[in-house]
Structure formats: structure tokens, C-alpha cells
Amino acid sequence: MTTTVERPATSGQAEPARRRRPKRSPLAKREDRAGWLFISPWVIGFLIFTAGPMIASLVLSFTDYQMIQAPHAVGLDNYRELFDDPRVLKSLSNTFVYAAMFVPLGTVFALALAMMLQRVGKAGGFFRTAFYLPEMTPAVAAAAMFLLLLNGQQGLINKVLGWFGINGPNWTADPNWLKPSLAIVSLWTVGGTVIIYLAALNGVPKQLYEAAELDGAGPVTRFFKITVPMISGALFFTVITHTIAAMQMFDQAYTMFYGPQQKATASDESLVYMVYLFQNAFQFFKMGFASAMAWLLFVIILLITFLQVRIGNRYVYYHGER
Amino acid sequence: MKHLRLPVVLAAGALALTACAGVGKKDAGGGSGDQSSAASTPTGSLKVMGFSGEDEVAQSRITAFKTAFPGVTVQNNKGDFDAQQFLTAVSSGNPPDVVYMARNLVGTYAAKGAIQPLDDCIKNAGIDTTQYREAALNEVKLKDKTYGIPEFYTVSTNLISETALKSAGVPVSDIQTADWDKLEATAKKLYTAKNGRPSRIGYDPKMPDFFPLWAMANGAELVKPGGEPNLNDPKAVEALQFTIKLINDQGGWSNFKTFRDTFDLFGAKNQFTKDQLAAFPIENWYVNVLRDSRANGLKLQSTPFTDRQGQPISTIGGSAWVIPKGAKNPNAACQWAKTLTSKETWHKAAEARMQTVAKDKSFFTGLFTGNKVADDEIKAQYLKPSGDAGFDAAIKNYYDVLDKAKSLNPSPAGAEIDAAWKSAVAKALGGSVTPQAALDQAQTEAKAAFDKASQG
């Protein structure tokens with residue numbers, strides 16, 4: 001997607017000292033205006049609903065703001081408190097553990113579903129819709145449903161495990177299994193990723209597989225040597241978005257362990273960062289501190305994303321990139 | 001790849017921050033609200049928040065208000081109290097006029113200035129505060145100012161499945177909380193397991209949410225009268241140790257909770273009729289739920305929940321009406337709080353309940369409000385023997401403990417104290433720390449929050 005400007009032939013003559021900016025044609029200007037007009041709803045929405053609150057949040061992070069009285073400046077106190085509050089670290093480590101489970105699990109699960117979908121043939125349309133439907137289900141409803149499915153004694157998941165002789169754990173009661181249970185619940189919404197992978201898989205040229213097959217490559221080799229590299233762009237994109245989403249996990253954790261029905265009596269093992277942030281903002285009236293927490297998360301996500309991009313640059317293949 | 005970086009960074013930032021981005025204006029607006037005109041007839045619109053108000057008891061009282069004040073248009077935004085919704089409304093200068101919230105939250109919201117003191121409202125509207133239960137009124141006071149008008153009143157007692165007791169040969173009198181060793185032995189006798197998992201819980205101490213009740217039973221006061229936390233009181237630690245022992249005797253926390261989560265508490269086939277539970281302490285509203293389970297074979301029994309000296313005790317729960325800072329129609333809000341909690345209105349609610357009871361061919365299980373005068377009169381007028389001795393015993397136990405029940409003292413750091421003990425109890429139940437260590441940490445956190453709130 002890089003744009004290159006071809007140099008005009010110089011026929012041995014010296015270039016002018018300062019290159020003039022090419023004059024834009026009236027058509028190009030009209031196209032520019034039309035472009036801005038078309039993206040203006042997004043730009044306006046971004047400024048009002050994203051950039052504005054982000055700036056406000058940054059300002060508030062340096063204040064003691066309890067939502068009722070006017071905020072007053074406290075300098076870096078909120079940021080210092082981030083390091084003094086043990087529950088910040090606990091919630092952050094819980095979130096990392098959850099992300100470390102969900103991101104690979106979600107990627108593999110979605111890819112497996114996409115590969116199966118690719119082979120379904122005529123019924124593909126139905127299954128694509130079926131897999132995408134959970135994306136439309138409210139996260140709260142899905143979490144409530146999974147509380148039943150994951151019940152260690154009567155839940156369907158342990159019953160199925162029981163058919164294979166596996167004595168399933170108490171997913172939602174045993175502190176050691178709370179984060180894995182959250183990761184499982186999150187798999188419910190990989191439908192969007194499945195569709196992305198399916199599109200990427202369909203874009204892999206068939207000749208590559210045919211040539212590899214002629215060369216004697218088996219299915220595993222074809223998968224790792226052709227499929228994975230050819231869809232690495234899609235994989236990379238979803239790994240980044242999954243990571244960001246995992247770091248911001250809230251709905252399911254809150255519904256399953258901290259909502260009114262649970263009376264907020266859950267173990268700290270299920271305390272993910274965004275839930276603790278929400279508690280500080282709306283339960284303890286510490287909006288300034290919550291804003292500082294948000295900015296810490298922002299920086300962490302930024303660093304992780306930066307790292308992912310640096311690593312991804314080495315391995316990701318983009319069609320048409322020179 | 002270079003083109004991906006900016007969108008990713010922007011997306012990361014947006015996703016991270018929009019969830020909690022700053023809201024609100026520097027000045028919440030609306031001023032402190034004027035209750036000085038509370039004696040005059042209110043008009044205009046009245047925005048109500050946090051009040052679901054679906055059953056006949058709620059509807060009859062709303063009707064009573066509308067009849068008394070036809071000039072007021074009631075806009076009831078149905079749904080339970082939502083802290084985020086409420087705080088956002090107040091900070092944006094567009095608060096509701098009157099809010100229905102749990103009384104244990106009132107201290108925190110009062111300390112933060114989110115709700116108004118109602119002393120002027122009480123004085124000008126002529127609200128007789130002596131009619132309310134002292135414990136309920138104590139919950140809505142902070143620094144000698146009254147911030148709420150008490151509404152319902154919940155207390156707890158032991159409810160028992162007679163069927164479970166008979167099958168284990170345990171007399172009803174053995175379900176008691178004075179002698180903890182004996183209670184543990186009884187629970188063990190009633191407990192049954194199948195394939196290493198509980199199939200019937202003998203006695204459910206209702207942890208973690210009933211921790212304050214167990215602490216109280218052992219003589220601990222989790223919040224001191226001035227609002228200072230006292231979470232690691234040795235008596236509280238002992239109570240937590242005992243309840244954990246009780247749970248460990250019945251499968252351990254993980255199995256115990258997993259099994260308890262399968263209870264269909266509100267279904268006709270509930271934990272009693274399915275013989276999943278022998279006994280537990282629970283609030284008074286639950287008798288009304290259980291009434292319909294008699295058709296499914298429920299044989300209910302009840303004993304009072306007592307302290308270790310054998311005296312019936314209970315923590316109390318319930319809600320209150322509060323007026324937020326900046327309420328546009330505090331006069332109507334004041335009259336609303338007065339009308340919905342007055343003796344006359346509660347009588348209308350009782351009449352409506354009796355009509356429902358007659359229609360359902362059922363029986364009255366009591367109306368438990370923050371208005372003591374109303375409760376006494378309604379009990380005298382409507383409460384009759386139901387013909388079911390177990391239900392009668394349960395209802396009697398609830399009524400008997402009304403005047404003995406106590407609340408946690410209000411505190412400006414009430415929310416933080418609440419969160420601290422809940423987290424501590426959950427950790428101790430999970431076995432990651434000892435009860436002593438968990439409550440020590442909770443005390444440190446809660447004390448820090450209290451000190452900060454007190455300075456503010």
C-alpha cells in the first residue's frame with residue numbers, strides 16, 4: 001500500500017535547486033473535499049466521543065475528582081497510588097494471565113472453525129451466520145448463560161468432559177479456575193474472527209497447494225508453510241485486536257463475578273483491571289484515580305501493540321507489498 | 001506495515017479510554033435544592049430513580065401519592081438503583097428528584113455530597129421520624145444529619161426443611177447458632193454427598209454476604225459508631241474461621257459454592273423441595289417466595305438466628321428515599337418520601353396485598369417496613385394463623401427480631417469498607433490466605449479509605 005512517485009526523466013540536465021510542489025488540479029481538489037466530506041461523520045464522532053473524553057480523562061488523572069464536587073489538582077498523586085495499591089497490580093496480573101490464555105486460544109479456535117467452514121461447501125452460508133450470531137448476543141446474556149454451562153456440578157461442560165472420563169473443575173467457584181472460565185466464555189464471541197480468517201483462507205491461491213502437493217508436502221507442512229504465511233496478515237491483525245480486547249475485558253467478568261446478583265463477593269482471582277477501574281470510578285467515587293488507571297492501561301496496551309508490530313513486521317506477509 | 005501503526009495506536013487508546021473517560025462539569029449545577037417549601041403543595045414533574053415498583057405494594061403507594069398530589073407528574077424510570085447512572089446524572093447537573101437506594105449506601109453518598117440532608121424536608125413537611133425504626137433511621141444519618149427516609153426493612157432468621165431434618169433424625173431445636181460446636185455437628189449430620197460432591201448442604205451459613213451477621217453473633221462490631229472500620233476484630237476473625245470450618249465440613253468452598261449455585265431459589269422446585277438444603281439463615285422476603293412451594297411438598301420450619309448467648313439477633317437491610325444534590329423538585333420529592341413511607345400509605349399497601357392474598361387463596365406473610373407504627377398495626381389487623389405451623393413460626397421469628405436487629409454503623413467510607421470485607425472473606429473462603437491475614441489486609445485498606453474520607 002505504499003505510494004511511489006516516479007521521477008521525470010532528466011536527460012542529463014541538473015535538477016532545479018528547489019522542487020516545486022506540483023499544482024493540484026481542480027478535480028483532485030474536488031476529490032479531496034469529497035473525501036473529507038465522506039469521512040467527516042467518523043472524524044466528528046472521533047473528536048467528540050473519543051479524543052474529547054481522552055483529553056478530559058488525561059486532565060482528570062491529575063486531579064482528585066469525586067464526580068460531585070469540582071476536581072482539584074493533586075499532581076502525580078493518582079499515579080503514585082497506582083503503585084501503592086496492591087489491587088492494581090493484582091488486577092493487572094489477572095488481566096495479563098487472562099489475555100495470555102484467551103489470545104492464543106481464541107486465535108486457534110477461530111482458525112480451526114474457519115478451516116472447517118471452508119470445507120463445508122453449500123451449507124457454508126448457514127454456518128457462517130450461525131458462528132457470527134453469538135457476536136450479536138449481549139455479553140451480559142452470554143455470561144449469565146455460561147454461569148449455568150460452567151457450573152461444576154450440573155453444567156453441560158463438565159457433563160461433556162465426564163463422557164471422556166474427565167472430572168471437570170469447579171469453573172466458577174474454584175479461585176484457580178476463574179480466569180480459564182473467563183477465557184472460555186470469551187470464545188463465544190470469536191465469530192467475527194472466524195469470518196476474517198475465512199476470507200483470508202479463501203484468498204490463498206490454490207496453485208500454491210497444488211504445487212506443494214506435487215512436491216510431496218503433507219497437510220501439516222502445507223498448513224505451516226502455505227496457509228499460515230499467506231494469512232499471516234489476518235492473524236496478525238486479530239492477535240492485536242484480541243490482545244487489546246483482552247486487556248479491556250469487563251462485561252463478562254463483571255456479570256459473572258461482580259454484578260448485583262453476585263453481590264460483589266467474588267475472589268480477587270477474577271478481578272480484572274477494567275472491573276477494578278469501574279469500581280474505583282463508580283463505587284468509590286475515585287474518578288481521578290480511575291482515569292490514571294485508564295492511562296496506565298493505555299500505555300501498557302501501546303507498548304504491547306508496539307512490540308507486536310515490531311515482531312510482526314518480521315513474519316507477516318502482505319499480498320502485493322514490495 | 002507503517003500504515004497500520006497509527007490506526008492501531010489510536011484504536012488502542014480509544015478502546016482503553018472511552019470506557020472511563022471523564023465526564024461531568026466542574027460545577028454539578030442545580031444548587032443544593034430548596035426544601036423550604038416542603039410544606040406547600042408540590043406541582044410539576046417528579047423524576048424517580050431506582051424504584052422498580054411492580055407489585056401491588058409498590059403500585060398502591062404510587063397511587064396514594066398521585067391521589068394526594070394530582071398536580072405532580074410522576075416519571076418513574078423503572079429499574080434498580082444503578083450507581084453509574086446516578087452519579088453521571090448528578091455530575092452532569094441533570095439528577096432525578098428522588099432516588100430509591102439501599103440504606104447502607106446512604107452514608108457514602110452523603111459524605112461525597114451526592115445527596116442532600118433532609119432535615120429541612122423533615123421539619124417543613126412535618127415528617128414524624130419517631131414512627132420509623134431507630135435502627136433504620138440510624139443507617140441514614142451521618143454527622144447528626146438525616147439523609148434518607150427509611151422504606152422497607154429486612155431481617156434474617158433460620159429457615160429449615162423439616163423433611164431434611166426428619167431424614168437425618170435431627171430435631172428442629174438443633175438448628176441453633178448459640179452453640180457453634182453443636183451447630184457444626186448438626187451440619188455434619190445433615191450433610192450428604194454423592195461422588196465426592198455435596199448432594200445436600202446441612203447448614204448454609206450464607207457466606208460471604210452474611211459475614212456481618214456472624215460477626216455480630218460473636219459480639220464484633222465491624223464498623224465503630226464513628227464510622228471507623230473494625231474488620232479485624234478478634235471476634236470477627238473467629239466468626240470467619242468458624243464459618244469456613246462449617247463450609248469445609250460440607251465439601252469445602254469450591255464444591256459448596258458450586259452446589260449452592262445450582263439452587264433454584266425462586267422456583268417452585270427450590271433447594272428445600274429438592275432436598276438440596278436443610279437449613280440456612282435468610283431474610284424475611286423469602287417466606288413470601290416459599291409460600292408457593294407448599295404445593296411441591298415443602299414442609300417449612302424455623303428457628304431464630306441468635307448470638308452465642310442465645311438472644312435473637314439480625315443485621316438489617318432495606319432501602320431509603322434520598323434526594324440528590326441539585327434535584328429540581330425537592331418539594332415534591334420530600335412529599336413523595338413522606339407519603340410512600342407514612343403509616344396511612346402502608347395500610348393501603350397492606351390492603352392491596354390482602355386482596356392479592358385472597359385472590360391467590362394464600363395467606364399473609366407480613367409486611368416489614370421501616371415504619372414501626374405501621375408494622376404493628378398491620379400485624380395486629382391482618383396477620384392470622386396460616387394453618388401451616390412452620391410458616392407461622394418463621395413469620396413470628398421475623399417479627400420478634402425486628403426491634404433487636406442492628407445495622408452496621410454508617411461511615412463516610414461505607415462503600416470501601418463493604419468492598420474490603422467482601423474481598424477479604426472471598427479470599428479466606430478460597431483458601432488463598434488465612435482469615436486473620438485477609439481481615440488484617442481488609443482493615444488496612446478500609447482504614448486508609450476512612451481516613452481519607454474523613455479528611456474530605
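Visitor: How far apart do the C-alpha centres of domain 1 of chain B and domain 2 of chain B lie?

Guide: They lie 28 Å apart. This is a predicted model, where local features need pLDDT of at least 70, side-chain atom pairs count only at pLDDT 80 or more, and totals for chains, interfaces and linings use all residues. Residues are numbered from 1 along each chain as its sequence is written, while chains are lettered from A and ligands numbered from 1 in the order in which they are written.

Visitor: What makes these stretches of chain B domains?

Guide: Domain bounds come from an automatic or database domain assignment. For chain B that assignment gives domain 1 as 31-155 + 316-408 and domain 2 as 156-314 + 413-455.

Visitor: Which residues count as the contact between domain 1 and domain 2 of chain B?

Guide: Two residues are in contact if their C-beta atoms, placed from the backbone, lie within 7 Å. The contact takes 27 residues from domain 1 of chain B and 28 residues from domain 2 of chain B. On the domain 1 side, helix 16 (389-401) of chain B gives the most, with nine residues.

Visitor: What makes strand 7 and strand 10 of chain B a pair?

Guide: Two strands pair if DSSP finds at least two bridges between them. Strand 7 and strand 10 (residues 277-283) of chain B have five, in the antiparallel sense, so by that cut-off they pair. One of the bridges joins B:Asn158 to B:Pro281. Strand 7 of chain B also pairs with strand 11 (residues 300-303) of chain B, antiparallel over four bridges, with B:Ser161 opposite B:Leu300.

Visitor: Why do strand 2 and strand 6 of chain B stand at the edges of their sheet?

Guide: The open sheet has five strands in the order 2-1-3-12-6 (chain B), with mixed pairing. Strand 2 (72-77) and strand 6 (149-150) of chain B each have a single partner strand, so one side of each is left without a neighbour in the sheet. Strand 2 of chain B runs parallel to strand 1 (residues 44-49) of chain B, joined by six bridges, and B:Ser45 stands opposite B:Thr73.

Terms used: Helices (H or I, at least four residues) and strands (E, at least two) are DSSP runs, numbered from the N terminus.
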